[in-house]
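Let's take a walk through this fold together, going from its sheets to its helix pairs. Keep the model open beside you and follow along.

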Amino acid sequence: MADACKIVPYDELEQGIQAKPISYGRQLIDEDDIAAVSAVLRSDWLTTGPMVAAFEEAVAAFTGAGYGAAVSSGTAALHAALHALGIGPGDEVIVPAITFVATANAVLYQGATPVFADVEPGTLLIDPEAVRTRITPMTRAIIAVDYAGQPCRYERLRQIADEYGLALVADACHSLGGATATGRVGTLADLTVFSFHPVKHITTGEGGMVVTDDGELAASVRRFRNHGIDTDHRQREEKGVWHYEMVELGMNYRLSDLQCALGMSQLAKLPGWLARRREIARQYTTSFSKNPLVQPLEVRPEVAHAFHLYVIRLDRSIHRKTFFGGMRERGIGVNVHYQPVYLHPHYRQRFGFASGLCPVAEAAYETIISLPMHHGLDDRAVARVIKEVGDLAGRCDE
Ligand SMILES: *Cc1c(COP(=O)(O)O)cnc(C)c1O
């Protein structure tokens, strides 16, 4: 225990200097990013231009998937993915209890019914055995969520999906750059969804992408993002034609060239940022291994974790609200990810959900806290977080 206290050389705090608040997640924008966006502003195409395909190809190549289809958010990507699979009224889609609401909301957008499966206690990832118990004759798909950045048990989920003839979608909004023993995130499901919101690994302001090895599914996502029209403005311009056909009802879910240029510029820095996130996680985990009151989530040894979040579980002797407030007061931007989705008022009222549906998720929700985790955190900031966690959860130095 004494050792845990030695790695906290945060002198400014000891001298009582007010340090800058540390956010739980945030973007990093440099002059290259600004130049890339400015170049698009000076070009002919602000949207439906050449940067869109360039960004799609770059993300697909990074993940190892055959195709990418850029859309306006991660939520739009989930919606477009379910539309491409033909999910509709009367269908059920299995989703984990612990995720951002968008995962389940996308099922509602398609008029289908989300069915919540419990998570594994160590990792808070969707539990394949719980998925099995939720399958009915109406089940059409499973959405796995790589919570915190750790890829799910895709081998087992794939087996279950194949056994019952279900589609497998990866909500990989947390896990860009992650991998399992069998492949990279982007190649582990029929369709994989990313978000480029500022707290995610790379940002386009708002933005998202679907990647897949299936050219028809990719074409469906591109059509859906463009009102259900099968050509875009630039394609018609190139061919010199004005006629177009709207073949189904779609949305305007396009990602602009400004955003795609920012995404391209950000993507170039992603390998270094992933390495930094993993180093921060290593420092946290090393420190907390000496504090029995703070337990990091389990990481399966065979995965490459992408660390969108760093989540700890507090011992039951620590009052989470007090810990949360204490950290905030000390300028550490902690957060809680997530309340089980079905306990939100809309889901309770619409479906009559109540406590008890997914006991592992509900118990976990009482104790979890996300610590600051982003590629812009330097070692001093990490040391400060570690010191404050130690002060508030198990003072070890006196
Ligand atoms: C961020 C996120 C989304 C939604 O992405 P947006 O780009 O904000 O629409 C969906 N699912 C998960 C798990 C997320 O973290």
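**Sheets, helices and how they meet**

Strand E9 (residues 310-314) is joined to E10 by four bridges, and the two run antiparallel. If you look at Val311, you will find it opposite Ser370 in E10. Before going further, please keep in mind that this is a predicted model.

E9 and E10 belong to an open sheet of three strands, which has the order E8-E9-E10 and antiparallel pairing. Strand E8 (294-296) and strand E10 (368-371) stand at the edges with a single partner strand each, so one side of each has no neighbour in the sheet. On average, and with direction ignored, neighbouring strands here are turned by 35° against each other. Helix H12 (residues 270-288) packs on this sheet and touches E8, E9 and E10; its direction makes about 15° with that of E9. H13 packs on the sheet as well, touching E9 and E10, and its direction makes about 15° with that of E10.

Now for the other sheet. This open sheet has seven strands in the order E1-E7-E6-E5-E4-E2-E3, and its pairing is mixed. Which strands stand at the edges? They are strand E1 (67-71) and strand E3 (113-117); each has a single partner strand, so one side of each is left without a neighbour in the sheet. From one strand to the next, the twist averages 25°. For a parallel example, turn to strand E2 (residues 92-96) and strand E4 (residues 139-145), which pair over three bridges. Ile94 has Ile142 in E4 as its bridge partner. Helix H6 (residues 101-109) packs on this sheet, where it touches E2, E3, E4 and strand E5 (167-171); the direction of H6 makes about 150° with that of E3.

Two packed helices are described by the angle between their axes and the distance between the axes. The crossing of H13 and H16 is right-handed. From H13 come Phe323, Gly326 and Met327, which meet Val385, Glu388, Val389 and Leu392 in H16. Sorted by class, this contact has five nonpolar residues, one polar and one charged.

On the H3 side, Asp32, Asp33, Ala36, Val37, Val40 and Leu41 meet Asp257, Leu258, Ala261, Leu262, Ser265 and Gln266 in H11. By class, the contact of H3 with H11 has seven nonpolar, two polar and three charged residues.

Finally, a word on confidence. The chain has an average pLDDT of 94, and 94% of the residues score at least 70. Residues 1-17 have a pLDDT below 50, and beyond near neighbours in sequence this stretch has 26 contacts in the model. Where pLDDT is low, predicted coordinates should not be read in detail.

Notes:
Residues numbered from 1 in each chain as written. Predicted model: local features only at pLDDT ≥ 70, side-chain atom pairs only at ≥ 80, totals over all residues. Heavy atoms only, no water. Left-handed = near helix turned anticlockwise from the far one by under 90°. Contact = heavy atoms within 4.5 Å. Nonpolar A, V, L, I, M, F, W, Y, C, P; charged D, E, K, R; others polar. pLDDT = per-residue confidence, 0-100. Pairing = 2+ DSSP bridges. Axes fitted to C-alpha atoms, helices over the stretch in contact; angles between N-to-C directions.
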